[in-house]
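Hi,

Here's the structure I said I'd send over. Have a look at it first, and my notes on what turned up follow below.

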Amino acid sequence: MSDSKATMQSGQPWYVGWAVCHELVAQELHKLYNRPNFISPESTPPKKPWIFIGTPGPGAHFHVDNVDLPSWQAQLAGVKTWYLRPPPECYWSCPGKLQTTLYPGDIIVVNTNVWFHSTKVSGSELSIVITNEYD
């Protein structure tokens, strides 16, 4: 990625996410934050965190994930709006599209294997999110 794009000088928005698959890197990353208090201490320890970074503009398109467990997502920097649509089996009894905006320090817990979701980065800052699965 060019320096102008990375420093948000190019005017072209970008959004990227990846799983930290190297166990030692994941362990070091885990030392930088505390697990949310509402996650049981007996829950599976985080082994493969995800990182999502993006500039203001479109984030992820509407999709459903294919990961092992539900996840929590912590907004570390920037502002991101989540758009959620219920699964098809809930179409008639669930509300329509929902949205919520996360600010630094906010956490969203959602089963992204079931709920369709997309995101948009707002404001003028880079959005940085750490994600972990839980059981």
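Which hand does the disulfide of C90 and C94 have, and why? One thing to keep in mind before I get to that: this is a predicted model.

Now the disulfide. The count comes to one, and C90 and C94 are the two partners, with their sulfur atoms 1.2 Å apart. That is inside the 2.5 Å cut-off for calling a disulfide. The torsion about the S-S bond is about 45 degrees, so the disulfide is right-handed. Another cysteine, C21, is exposed, at 63% relative accessibility.

On to the aromatics. There are two aromatic pairs. In one of them, the ring centres of Y15 and F52 lie 6.3 Å apart and the planes meet at 20 degrees, so this pair is stacked; the cut-off for stacking is planes under 30 degrees apart. What I like here is where the partners come from: Y15 belongs to strand 1 (residues 15-19) and F52 to strand 2 (residues 50-54), so the contact ties together parts that are 37 residues apart in sequence. The other pair is W50 with F52, also stacked, at 6.0 Å centre to centre and with 10 degrees between the planes. Put together, the ring pairs link Y15, W50 and F52 into a cluster.

How do these rings sit relative to the surface? F52 counts as buried, at 18% relative accessibility. Y15 is partly exposed at 23%, and W50 is partly exposed too, with a relative accessible area of 25%.

There's a ring contact of another kind as well: R85 places its charged end over the ring of F62, 3.9 Å from the ring's centre.

Finally, the largest pocket. Its volume is about 260 Å³. Altogether 17 residues line it, and those nearest its centre are F52, H63, D65, Q73 and H117. Several strands contribute to the lining: strand 2, strand 4 (71-77), strand 5 (79-85), strand 8 (116-122) and strand 9 (127-133) each supply at least two residues. Sorted by class, the lining of this pocket has eight polar, six nonpolar and three charged residues.

Cheers

Key:
Residues are numbered from 1 along each chain as its sequence is written. This is a predicted model: local features need pLDDT of at least 70, side-chain atom pairs count only at pLDDT 80 or more; totals for chains, interfaces and linings use all residues. Side-chain values use heavy atoms; hydrogens and water are left out. Rings of Phe, Tyr and Trp (its six-membered ring) pair if their centres lie within 6.5 Å; planes under 30 degrees apart count as stacked, over 60 as edge-to-face and the rest as tilted. Helices (H or I, at least four residues) and strands (E, at least two) are DSSP runs, numbered from the N terminus. Buried means under 20% relative accessible area, exposed over 50%, partly exposed in between (1.4 Å probe, protein chains only). A charge sits over a ring if NZ of Lys or CZ of Arg is within 6 Å of the ring centre and within 35 degrees of the ring normal. On a 1 Å grid over the protein atoms alone, a cavity is a set of points where a 1.4 Å probe fits but cannot get out, and a pocket is an open set with protein on both sides within 12 Å along at least five of seven lines; lining residues have an atom within 4 Å of a point. Grid points are joined across faces, edges and corners, and a volume is the space filled by probe spheres set on the points. Ala, Val, Leu, Ile, Met, Phe, Trp, Tyr, Cys and Pro count as nonpolar, Asp, Glu, Lys and Arg as charged, and the others, Gly among them, as polar.
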